[in-house]
Amino acid sequence: MTEQMSAPQPPAARPRRQPKPPVVLEVTATERLGPHMVRLTLGGPGFPVYQDKDATDKYVKLLFADPALGLEMPYDLEALRERLAPEQMPVRRTYTVRSVDPEAGTLTIDFVVHGSDGLAGPWADSARPGDRVCLTGPGGMYRPDPAADWHLLAGDESALPAIGAALEAMPADAVGQAIIEVNGPEDEVGLSVPQGITVTWLHRGTEFTPETTKLAQAVIDAEWREGTVQVFAHGEREMIKDLRRYLADVRGVDRRQMSLSAYWAYGRAEEAFQAEKREPIGQIFPDA
């Protein structure tokens, strides 16, 4: 009598995480941080959803609908997909949360603005207290590890809010360096920095292009410390790929010690940028 073998069973599918429904927040204050950055403070009944996320790179997705459609906030995205054409759906724009104030029930978001270019930037530039916005989130996974021997943070304007939040969350005895690229000295913002962290500001002197950015080379040229490093490097996609090659291939940094992500891609609107994340061109790590 032979033993009857049952066919191997496929692993159980991981339950799909249900996205949090959109909420509506209201602009409670605005602040001009420089010629290319404005800070909005948002609050309202939807705020409590943000208190359970401890990451310093937490982000939200703002939803902008065509006013001609007369859609009411908060948008029921599932219902809208059933009756609207894809091009009529609310457009998403992703932004990092700069800070959260649980006592006041508010959060702040810093927006890079370039005149009338883009969608969220012009909206933020003209926003006034009382204006409402629909958004989803938060996401995010990075937080400074107090066990790391030193920290390396690098990014362009898009990563500046997360870098600022990370620096504030570090222990007082943290050591390392932050390298931040902006258009010019007028775009530097005040940061709360541990005494052992050196901040280097890079000035392109013009708008970002693959030819004007100095960030990747500045990181490559910077002093490399001994010990275990924790890396946070976010910003333009091709620049982050350059940093990944240097950090992983030259310095041998363990992937688990690096938070590397593209916040945007030069010459791409967010829809194209997000779609390319599923293609080789959009992957920071080649085996992703």
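Residue K241 is found in helix α5, which spans residues 237-250. The structure described here is a predicted model, and the values given below were computed from its atoms. Lysine 241 counts as buried, because its relative accessibility is 9% and the term applies to values under 20%. Leaving aside residues up to four places away in sequence, K241 touches P280, I281, Q283 and I284. For I281, a polar pairing accompanies this contact: a polar atom of the K241 side chain lies 2.6 Å from the backbone oxygen of I281.

The setting of this residue is the fold as a whole. The protein has 6 helices and 11 strands. Its radius of gyration is 21 Å, close to the 19 Å that the globule rule gives for 288 residues, and the protein is therefore as compact as a globular protein of that length. Along the principal axes, the C-alpha atoms fill a box of roughly 80 × 55 × 40 Å. Of the 288 residues, 46% count as buried. When contacts between residues at least 6 apart in sequence are considered, 71% of them join residues at least 24 apart.

The buried residues of α3 are L160, P161, A162, I163, G164, A165, A166 and L167.

Two features of the backbone complete the description. Most peptide bonds are trans. In this model, however, the peptide bond from M73 to P74 is cis, with omega near -10°. The proline of this pair, P74, lies in the loop between strand β3 (59-64) and helix α1 (77-83). A cis peptide bond also joins G137 and P138, where omega is about 5°. Here the proline is placed in a strand, as P138 belongs to β6, which comprises residues 132-139.

Note on methods
Residues numbered from 1 in each chain as written. Predicted model: local features only at pLDDT ≥ 70, side-chain atom pairs only at ≥ 80, totals over all residues. Heavy atoms only, no water. Helix = DSSP H or I, 4+ residues; strand = E, 2+ residues; numbered from the N terminus. Rg over C-alpha atoms; globule rule 2.2 N^0.38 Å. Buried < 20%, exposed > 50% of the residue type's maximum accessible area, 1.4 Å probe, protein only. Contact = heavy atoms within 4.5 Å. Polar contact = N/O pair within 3.5 Å; in protein donor to acceptor, adjacent residues only side chain to side chain.
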